[in-house]
Structures are given as C-alpha cells and as structure tokens.
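These are my notebook entries on one structure, kept in the order in which I looked things up. I begin with a single residue and then widen the view to strands, a helix and side-chain pairs.

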Amino acid sequence: MDIVLASGSPRRKELLGTLGLEFSVVPAKGEEIAPEGAGPAETVMVLSRAKAAEVAKSYPESLVIAADTVVWAEDRILGKPKSEAEAKAMLHMLSDNTHEVYTGVTLMLGDKEVVGAECTKVFFRRLTDAEIDRYVATGEPMDKAGAYGIQGRAALMVKRLEGDYFNVMGLPLCRLGQMLEEIGVHLF
C-alpha cells in the first residue's frame, strides 16, 4: 500500500519515519481556515481533514496521513508568529504558565476515514526577557505554533509534560498507531 504524508513538516516526516513505514511526502497547499468559534480540538480535526481530503483527490488509492497542530493558551489559539515581536509576545504569555498543544490527525484510504485529536499539557518555567530575546534571535520559533519547538532549544523551557511528547512535535505517534490499526494498517 502506498502511503502519502500530506505535510511538508520535517518533524512529521521524521516522526512517521520512526515507525518504519515507507511513504512519500505531498504537502497540502490549501489555505488553512479554522472554523469560526471552534475550540482547539475541533479546529485541528477540521484542518487536518481538509489537508487529507485535498491530497487524497490526487492519490485516491493511497493511504493519506495529514495533521495540524495548534497551541492553546489563555483561551485562544496561538499559531505561527508573523513577526519577532509576535513570537516574543507569545513566549511571554507561555512563560511560567501552562498551555495545551492539540494535534488533529486524519487518515484517508479510499472510502475509509479516521479523524482524531490529541492534547498534551505543557508546563513552561519562568523565562527572562533576555532568554526570550536570545531564543527569538535564533529564528527557531518563527515557523512553529506557539513560537517554540520542543525538539530544539525550547526543550530548555519546558518543566514537564502531561501527555504525548510527540504530539507537541506535531504527530502523536501513539494515537496515530491506534488510528492506523482502525484503518487496517498493522505496525506490529
């Protein structure tokens, strides 16, 4: 069976590769439009489903895997920062605080479809202004939801997690494995 990852994320590619699957990468190109008034779990499921559906049109015989990740803090979604100032503001919000990371995952194979979401609680330590400035200067936070990547230097900011570490990276592997079983792909 051909497998297509509908994401250009290097982290998702790396994580999916750890499962020993052979797959091709075909990023979805559509605009990500979150449903108005939706909470974080519904938002990531809708967005991951839209990505999967877009790519599945061109690969109807393949298993398409799509994901979308958001950071939920202070009752709002933090996407990717559009500027260094926005990245700094996000990190100030997360400093010495708890937030949640949601990833929606959609699998499509022919007429089969499985959609789910995973949530991980992340606890940040207190960050100084200087630490935030230096971190933003690395450029690392600029292409990541919530302005940080736990697999990089931001690992130094996280006190602890409740939930799936891989979810914070953008692909909850345990949930994905269960979803693959549901659709008939057995990894063990």
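Entry 1: Is S62 buried or exposed? I find that S62 is buried, because its relative accessible area is 7%, where buried means under 20% relative accessible area, exposed over 50% and partly exposed in between, with a 1.4 Å probe and protein chains only. I note that this is a predicted model, in which local features need pLDDT of at least 70 and side-chain atom pairs count only at pLDDT 80 or more, while totals for chains, interfaces and linings use all residues. Residues are numbered from 1 along each chain as its sequence is written, and side-chain values use heavy atoms, with hydrogens and water left out.

I place S62 in the loop between α2 (40-58) and β3, where helices (H or I, at least four residues) and strands (E, at least two) are DSSP runs, numbered from the N terminus. Leaving aside residues up to four places away in sequence, I see S62 touching D2, V4, M108 and L109, a contact being heavy atoms within 4.5 Å.

Entry 2: I then turned to β5 (98-109), where 10 of the 12 residues are buried, so the strand is largely enclosed by the rest of the structure. Strands are taken to pair if DSSP finds at least two bridges between them. I find nine bridges joining β3 to β5, and these strands run antiparallel; W72 has E100 in β5 as its bridge partner. On β5 and β6 I find 12 bridges, again with the strands running antiparallel, and H99 stands opposite V122 in β6. The hairpin of β5 and β6 has two residues between the strands, and G110 takes a positive phi near 60° there.

**Entry 3: helix α6.** Which residues of helix α6 are buried? In this helix, residues 173-183, I list L173, L176, G177, M179, L180 and I183. They cover an arc of only 165° around the axis, which puts them on the same side of α6; the arc is that of the directions from the helix axis to the C-beta atoms. I looked next at what this side meets, and the buried residues of α6 pack against α1 (10-17), β3 (63-73), β5, β6 (112-124) and α5 (165-169). The face turned away from the buried side carries the exposed residues C174 and E182. Just after α6, G184 takes a positive phi of about 105°.

Entry 4: D96 has a phi near 55° and is found in the loop between α3 (84-94) and β5, where D96 counts as partly exposed because its relative accessibility is 39%. A147 has a phi of about 70° and lies in the loop between α4 (129-137) and β7 (158-162); at 0% relative accessibility, A147 counts as buried.

**Entry 5: aromatic rings.** How many aromatic pairs does the structure hold? I find two, on the criterion that rings of Phe, Tyr and Trp (its six-membered ring) pair if their centres lie within 6.5 Å, with planes under 30 degrees apart counted as stacked, over 60 as edge-to-face and the rest as tilted. The rings of F124 and Y148 have centres 4.9 Å apart and planes at 70°, so this pair is edge-to-face. Because F124 lies in strand β6 and Y148 in the loop between α4 and β7, the pair ties together parts that are 24 residues apart in sequence. Both F124 and Y148 are buried.

Y165 and F166 form an edge-to-face pair, at 5.6 Å centre to centre and with 75° between the planes. Here I find Y165 partly exposed at 33% relative accessibility, and F166 partly exposed with a relative accessible area of 34%. I also looked for a charge over a ring, which requires NZ of Lys or CZ of Arg within 6 Å of the ring centre and within 35 degrees of the ring normal; the charged end of R160 sits over the ring of F123, 3.8 Å from its centre.

**Entry 6: sequence and space.** Finally I checked two separations, C-alpha to C-alpha. A85, in helix α3, is exposed with a relative accessible area of 57%; A85 and M108 are 23 residues apart in sequence and 38 Å apart in space. D129, in helix α4, is partly exposed at 49% relative accessibility; D129 and L91 are 38 residues apart in sequence and 9.5 Å apart in space.
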